Structures are given as structure tokens and as C-alpha cells.
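Colleague: Could you take me through one spot in this model up close, and then tell me what surrounds it in the wider picture?

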Amino acid sequence: MLIRFFQMLRAAGVPVSITEFLTLLEALKTGTGTHAAPECVPVPVSPVEKFYYLARATLVKDERHYDRFDRVFAAHFKGAELAFEALLAAEVPADWLRDALRLQLSDEEKAKIEALGGWDALMETLRRRLAEQKARHQGGSKWIGTGGTSPFGAHGYHPEGVRMGQDGGGSRRAVKVWDRREFANLDDSVELGTRNVKLALRRLRRFARQGAAEQLDLDATIDGTARKAGLLDIRMVPERHNAVKVLLFLDIGGSMEDHVRICEELFSAARSEFKHLEYFYFHNFVYESVWKDNRRRHRERTPLTEVLRTYGHDYKLIVVGDATMSPYEIVQPGGSIEHWNEEPGAVWMKRLLASYPRHAWLNPEPRERWDYTPSIRITRELFEERMFPLTLEGLDRAMRSLQ
Amino acid sequence: MSGRTTARFTGSDRYVATGELMLAVNAAVTLGRPLLVKGEPGTGKTQLAQEVARALGAPLYEWHIKSTGKAQQGLYEYDAVSRLRDSQLGDARVADIANYIVPGMLWRAFESERQAVLLIDEIDKADIEFPNDLLRELDRMEFWVYETRQLIKARHRPIVFITSNNEKELPDAFLRRCFFHYIRFPDAETMERIVEVHYPGLKKALLSEALAAFYRVREVPGLRKKPSTSELLDWIKLLLAEDVPPEALRADDPKAAIPPLYGALLKNEQDVHLFEQLVFLDRRAGRPG
């Protein structure tokens with residue numbers, strides 16, 4: 001039964017390893033979870049909850065995965081609490097766990113079958129219970145199937161407002177700990193919002209600043225040693241900071257407004273970490289000119305050639321946009337919806353990319369929709385697949401590809 | 001190396017541990033694995049190790065990591081520079097290299113007569129390779145001193161606490177070896193118990209008003225640094241010192257819309273400014289007509 005739970009966790013994108021799983025079994029065997037002196041525990045904790053906390057501490061190593069763990073836990077152990085209370089309270093199951101562990105160590109595959117076979121009856125009830133729950137849990141099982149990569153994944157079935165009060169005197173509270181989904185905000189596949197902007201900022205900082213290791217200052221050491229008549233005098237200097245220069249292109253207008261605001265805030269908050277940060281706006285796609293002030297966009301424009309001239313090749317180019325438009329706007333001369341462009345946007349974009357070999361596109365559109373939008377496909381080809389979703393995880397990957 | 005400890009941590013008179021935290025601590029202690037603790041700043045991550053050491057009566061070794069920190073510093077350092085100087089000055093100690101091996105925190109915890117508690121504080125501050133360099137040491141609790149050709153083994157497996165503020169991603173291989181606990185921001189009830197532990201006998205009225213005001217400030221959207229437990233405790237200390245009456249903290253009192261001595265809660269100029277603006281807007285909206 002636990003092996004299936006383990007596999008479900010892996011399928012849901014929680015990175016659990018066999019070592020950790022064995023640790024959990026070991027912990028169960030030594031009775032860490034079952035015999036914690038209850039009189040010392042101020043908050044009443046039922047056997048299932050103990051198992052939940054123990055499993056979480058052993059299997060999950062990142063608070064971003066807490067929410068996924070909660071959901072798998074809910075899906076897997078729905079209705080199994082009673083069975084669990086019996087399992088953790090009784091003496092016999094401990095033997096089983098020991099056996100399971102032994103088998104585990106000898107041959108994993110065999111153990112799996114054996115363990116499942118040995119627990120036929122329990123599995124049967126479990127399955128039946130799970131089947132009964134199907135109706136309510138459609139969303140849940142689908143989520144497990146798709147592996148939790150969806151950026152919308154965290155908007156779950158359980159409304160956040162149902163958090164129960166602190167009156168939980170009994171062991172069976174109305175809302176279980178794992179059902180409260182308190183860690184939903186920490187999941188990194190969620191779209192960037194004001195809530196997780198701070199975390200995103202940390203990622204950016206990490207990107208901008210790398211190590212502060214010290215290194216030997218050879219010249220100063222030789223000089224210092226000579227001055228002290230041969231007595232060794234070692235001088236160290238801090239390693240030079242890797243200051244990153246960033247050129248930010250933001251798609252403005254229509255559906256992009258909100259995302260652009262977040263990105264602006266994000267990058268300007270990280271500004272002190274960059275050596276230079278310049279941003280420019282464009283609408284839908286890049287053509288002859290871009291602008292710096294959106295209110296005066298029609299009067300004060302910067303020709304793209306000037307941008308290419310002004311900012312050196314060591315700048316890193318980050319484009320934020322949904323890349324969702326008619327394909328003509330990219331590939332046809334005169335395709336722009338705002339003016340007559342002599343050359344197609346793709347040509348301008350290629351110039352930009354050639355000038356800045358380190359580039360990435362951040363796209364707030366959900367990843368699943370990318371394949372159905374021709375203009376996104378074209379843009380991705382232009383960017384040689386360096387397009388990333390505007391999520392914490394995507395930001396992370398984008399920054400890594402820029403390094 | 002001795003067997004595993006049977007002592008249990010159940011919180012202390014100075015530290016309130018939730019059930020889940022105790023479970024994680026005890027599981028880590030029983031199985032002899034390091035416990036990685038994360039959480040908002042000011043939720044008592046560092047204090048946890050100190051309190052566990054106190055509760056178990058174990059010696060505590062604190063290893064605070066800096067951005068220039070290297071894993072080797074926790075094991076030992078070979079002070080080559082002093083040795084070179086001594087050699088030039090003709091010191092007799094030079095002959096024995098062991099004189100220049102300076103043991104680090106990990107070594108000292110290994111050598112401890114009793115089972116020790118080792119705190120590796122803010123591991124994420126260090127270089128990305130730092131945790132990887134400690135894998136074997138934390139796993140087998142032993143390391144090799146090349147200079148003296150000596151194997152240092154732990155007499156008693158120390159209880160290891162590692163804190164992180166999430167500034168860097170920790171490598172998977174390292175995480176696999178740890179237990180993990182994320183200290184959640186305490187809810188109102190736990191918070192009451194925490195305050196009670198620090199300021200026993202605090203007037204009920206003042207406490208509930210202070211907590212209400214505190215959570216109101218925390219709810220203000222867009223704060224750069226939300227006040228945390230340690231800030232709340234400081235603030236209450238100030239309130240007590242200034243003898244502020246509970247009524248002054250009430251939300252419906254227009255004068256109290258900005259809680260007194262809020263400097264202890266908000267640590268950032270922009271936050272204070274934002275807060276004042278919001279309160280101002282709120283007051284204008286509240287005015288009839």
C-alpha cells in the first residue's frame with residue numbers, strides 16, 4: 001500500500017527516492033511515529049496525522065512540494081483513516097512492515113508484488129473506498145495523471161476558506177491537515193503573482209550575483225612579503241562580482257498589462273543586483289522601434305537599430321510577452337496591427353537575437369496552450385526553444401539558460 | 001560510536017513546539033539523521049537547536065555559515081601561514097604538523113564526551129558546493145585529516161540541525177539524507193502560547209488586543225517584510241515597558257489605527273509609509289458623506 005503511495009508521489013512530481021522511502025519504513029519500524037508520548041503533545045495528534053507528518057518530514061524536502069504531497073496524500077488515503085488507525089495501533093502490522101522492509105532490501109520488484117498480495121484484503125477495501133470517492137475526486141485523479149506540471153495545477157478543488165478552527169479536540173477533525181492545503185502558495189508551478197514575487201526575486205538575485213569567494217592577490221602578496229624582508233605576508237582579495245547586464249523587452253497592451261506590471265516590479269526590485277537594467281516596451285511583436293514610456297509611446301520612440309548599437313553583446317535579452325497574435329504579424333511585411341512595417345517582425349527579432357546571443361522569452365500563457373497557437377510556435381522556433389512559462393520554475397530555468 | 005539516543009524533545013519552558021515539529025525532531029533524533037529546518041525569518045529556526053540542546057542537556061556546537069564559508073572550515077583548518085612564520089622564526093613547534101591543525105565545529109562535536117547537538121546555521125548562505133562537501137561527513141559521521149593521516153570518527157552521533165532561508169537550492173543528494181521541516185507561521189492560538197512562554201502573566205486584554213493588532217499589520221498587502229514572531233515579542237516588551245493600555249490598541253479607536261510603537265513591527269521605511277497611507281485612506285473612507 002505504501003509502495004503505491006510512493007509511486008503516486010513520484011507520478012505527481014514530488015522527487016522521492018528509494019532511500020527516503022526506506023527511511024520512512026525504518027522510522028515506522030522504530031516506532032517514531034506511533035509511540036510519541038501523547039501526553040506531551042499539546043495539540044492532539046491522531047495516528048494518521050502522526051503518519052502524515054512523519055511521511056512529510058521524510059519524503060518531502062522542499063516546502064514547494066508540500067502542496068503536491070498534501071493532494072496525493074488526500075487522494076490516496078481518502079477514507080483509509082480507520083484502516084490506518086487500526087494499522088498503526090495494532091501489533092501485527094509492525095511485523096508486516098518489518099517483513100516488507102526485509103523484502104524491500106532483497107528485491108524491490110518481488111517485494112512490491114508480495115506486499116500487494118499480502119495486503120489483498122486491505123487493498124480491496126481501500127480500492128472500493130477510493131472508487132466510492134471517485135465522483136468527488138475527479139479533479140484529483142486527473143491531476144495525478146498529468147504529473148503536476150500544469151501551471152494551473154495549484155488552483156485546486158478545495159476552497160481555501162474552509163480552514164477549521166482550533167477546537168479540534170478529537171482525533172478526527174472535520175478538515176484534515178492535508179486537506180487544508182495551506183502550502184498551496186509555496187508550489188513553484190503556480191503563475192507568478194504578488195504572493196510569490198519575493199521568491200522569484202531571490203531566483204533573480206541568485207542569477208545576478210554569484211559567489212563571493214576570496215582569492216589570492218599574488219601581486220600584493222609578493223609586494224607585502226618583500227616589504228617585510230621575506231616574511232610571508234599573504235593578501236587576499238574578494239573575487240570580482242559577476243555583474244549581469246539585462247535588456248528587458250516587455251509586450252504591453254491588452255491582456256499583457258497585469259503580467260507586465262509584475263515583471264516590471266520584479267526586475268526593478270532586483271535592479272540593484274544588476275550592473276545595468278534597461279527596459280523597452282513593444283506591442284505584440286518587435287518592429288523598427290520600441291519605446292521607454294508607454295504614455296508617450298507615439299511621440300518618443302527608440303529605433304531598434306539604436307538599441308542594437310547602444311547596448312553591447314554582453315547584455316542578456318529577456319523578452320516578456322504572450323506571443324499570441326496572428327502569424328502574419330510576425331512573418332509578413334506590413335503585418336503589424338499598428339503601422340505599416342517594411343520588414344517583417346521576424347527579421348527584426350532575428351537581428352535582436354543575433355546581437356544578444358544570450359536570450360530567453362518568458363511567456364505568461366499556460367504551457368499547454370503553446371502548441372495550439374501558431375504564433376507561439378513561430379516565436380519558439382525563432383528563440384530556439386528558449387521560451388519559458390512565467391512561473392517560478394520557468395523563471396529558474398530561463399535564468400539558468402541565460403548563464 | 002554509540003547507539004541512538006532515546007531522549008525525546010517535547011518543547012521547553014522557553015520554546016513552544018507544535019506537534020508536527022516535535023515529531024520531526026524526534027524522528028530525526030531517533031534515526032540519527034540531520035533535520036533541515038526552513039521557515040520565514042523570525043520563526044525560531046536557530047532557537048530550535050539551542051532549545052533541543054538545553055532540553056536534552058547536550059552540549060551545543062554552533063556553526064554559522066557565511067558567504068565565504070567552506071565545508072572544510074567545519075572539519076579543520078590547516079594554518080599554513082602560522083607554520084611558515086614559525087619556521088622563519090625558528091619555533092620548535094614547527095616540526096609537528098598537528099600543532100597547526102585547528103579543529104572546526106564538526107570535529108569538536110564529534111569529539112564531545114556526550115552526544116552533542118550541532119547547529120549548521122543558514123547553510124544556504126554558503127557556496128553551492130558546500131552541502132555536497134559534507135555528504136560523507138554527515139552520513140558516516142567521520143572524516144579524514146590528510147595532513148596528519150588520521151581518521152576522525154564521532155564518539156556519539158551528534159544531533160544535527162541545519163537551517164536554511166531558501167536563498168539557494170540545496171543539492172538533491174544532500175536533501176535525501178535529511179529530514180525536513182518547514183516551520184509555518186504560527187496561528188493565533190500557538191502565538192498566544194508563545195507569548196505566554198515569554199511574558200508569563202501578561203494581562204489577557206493586552207495580549208488579545210496586541211495579537212489582533214499584530215495580525216492586522218501582517219494582513220496589510222504589499223509589505224516588504226511582514227513582522228514575525230520575534231518582532232511581536234519585541235513589540236510586546238516595548239508595550240509593557242511603556243505601560244500602554246490595551247484600549248490604545250483597539251482597531252475602532254481612530255487614534256490607534258496606527259498601533260503605538262509600530263517601529264518594532266515594521267522594519268522598513270517603505271513599509272511604514274505604505275502602512276500610514278493605507279490607514280489614512282481607510283479613515284477617509286470611514287468618514288460619513
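**A close look at Ser401(A)**

Modeller: Ser401(A) counts as partly exposed because it has 13 C-beta neighbours inside 10 Å. The cut-offs: 20 or more other C-beta atoms within 10 Å make a residue buried, 12 or fewer make it exposed, and partly exposed is in between, with C-beta atoms placed from the backbone. Keep in mind that this is a predicted model, where local features need pLDDT of at least 70 and side-chain atom pairs count only at pLDDT 80 or more, while totals for chains, interfaces and linings use all residues. Residues are numbered from 1 along each chain as its sequence is written, and chains are lettered from A and ligands numbered from 1 in the order in which they are written.

Ser401(A) sits in helix H17, residues 392–402 of chain A. (Helices are DSSP runs of H or I with at least four residues, strands are E runs of at least two, and both are numbered from the N terminus.) Leaving out residues up to four places away in sequence, Ser401(A) touches Ala360(A) and Arg386(A); a contact here has C-beta atoms, placed from the backbone, within 7 Å. There's also Arg358(A), 43 residues away along the chain, with its C-alpha atom 8.0 Å from that of Ser401(A).

Now Glu385(A), in the loop between helix H16 (374–382) and strand S9 (387–389) of chain A. With 10 C-beta neighbours inside 10 Å, Glu385(A) counts as exposed. Its C-alpha atom is 9.0 Å from that of Trp361(A), and 24 residues separate the pair along the chain.

Elsewhere in chain A, helix H1 (residues 2–11) and helix H4 (residues 66–77) have axes that come within 10 Å and cross at roughly 140 degrees. That makes H1(A) oblique to H4(A), since under 35 degrees is roughly parallel, over 145 roughly antiparallel, 65 to 115 roughly perpendicular and the rest oblique. Phe5(A), Met8(A) and Leu9(A) of H1(A) meet Phe69(A), Val72(A) and His76(A) of H4(A).

Conventions
Axes fitted to C-alpha atoms, helices over the stretch in contact; angles between N-to-C directions. Contact = placed C-beta atoms within 7 Å.
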